[in-house]
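Hello,

Here is the structure I promised to pass on. My notes follow below it.

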Amino acid sequence: MGGIETDTVLIVGVFMALGAGALSFLSPCVLPIFPAYLSYITGMSVKEIQGEQNAKIRGRLLSHSIFFLLGVSTIFISLGIGASFLGQWIEGLLVGQSGLLIQRLAGVFIIVMGLFVGGWMTIKSLMREKRMQYKTKRVSYLGTFFVGLGFAAGWTPCIGPIFGSILFMATSDPSRGIIYTISYIIGFAVPFILLTFFIGSTKWIVKRSNLIMKIGGGIMIIMGIILFTGQMPRITQFILELVQGTWLEKLG
């Protein structure tokens with residue numbers, strides 16, 4: 001049973017990280033400027049991108065999007081690995097006590113970030129844009145990669161708090177830290193790629209971005225409370241019983 005419970009905790013964490021990645025992309029800090037970013041990294045006008053896309057344009061959009069996301073992933077994975085090592089170091093210092101301590105700290109951090117993401121709290125230091133600016137005349141895949149690095153390193157107001165929560169999860173659970181980080185990247189990359197080809201849908205989503213962020217912030221607060229109060233094992237047990245009950249009904 002212990003192995004099944006461990007797998008269930010991992011699955012819950014992975015889904016949370018996937019959702020956090022998608023929430024980062026759909027945030028008001030990223031989605032509204034998404035067409036401009038595509039235009040910048042491909043050298044195409046926003047009008048061309050939003051118009052009729054032939055195979056050549058789609059190929060160019062996809063290839064540059066991949067290199068951009070590789071740049072973003074490089075920074076995120078580096079931070080995720082660093083957070084995991086930090087968690088292991090803390091575990092070495094506080095043998096037997098670090099898990100609960102870091103878990104509670106992570107809970108508090110995620111609650112605060114949830115309040116910020118949902119718009120119920122203002123943190124001025126997180127509202128400052130720090131994106132690196134590049135002035136390039138030629139469009140290249142290497143340039144696109146570096147733009148991705150700059151975007152991730154810029155720590156924009158919405159990405160910072162949400163990804164920071166994933167880093168705290170990685171610190172509190174070092175053995176799964178890289179899995180959570182990669183799941184976050186996938187959650188960010190999938191809508192990025194999808195909307196690259198259906199960019200007209202961004203206007204519809206932007207109109208509802210505030211609602212999306214409030215829902216996401218609310219979920220973050222709930223997860224923070226769960227971590228702080230140590231209720232994850234109970235939730236894991238509930239999920240196990242639910243799944244096992246469903247399978248038993250099918251077998252019966």
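Thr181 is found in helix 8. Helices here are DSSP runs (H or I, at least four residues), numbered from the N terminus.

Before going on, the ground rules. This is a predicted model, where local features need pLDDT of at least 70, side-chain atom pairs count only at pLDDT 80 or more, and totals for chains, interfaces and linings use all residues. Residues are numbered from 1 along each chain as its sequence is written, and side-chain values use heavy atoms, with hydrogens and water left out.

Thr181 counts as buried, at 0% relative accessibility (buried means under 20% relative accessible area, with a 1.4 Å probe and protein chains only). Its side chain reaches the backbone oxygen of Gly177 at 2.9 Å. Leaving aside residues up to four places away in sequence, Thr181 touches Phe76, Ile77, Gly80, Phe163 and Ile166 (contact means heavy atoms within 4.5 Å).

Helix 8 (residues 177–197) packs with helix 7 (residues 159–172) at an angle of about 155°, their axes 8 Å apart. Axes are lines fitted to C-alpha atoms over the stretch in contact, and angles run from 0 to 180 degrees between N-to-C directions. The two helices are therefore roughly antiparallel (over 145 degrees). Helix 7 contributes Ile159, Ile162, Phe163, Ile166, Met169 and Ala170 to the contact, and helix 8 contributes Gly177, Tyr180, Thr181, Tyr184 and Phe188.

Thr42 is in helix 2 (residues 34–42). Thr42 is also buried, at 0% relative accessibility. The side chain of Thr42 reaches the backbone nitrogen of Met44 at 3.3 Å.

Best wishes

Terms used. Parallel < 35°, antiparallel > 145°, perpendicular 65-115°, else oblique. Buried < 20%, exposed > 50% of the residue type's maximum accessible area, 1.4 Å probe, protein only. Polar contact = N/O pair within 3.5 Å; in protein donor to acceptor, adjacent residues only side chain to side chain.
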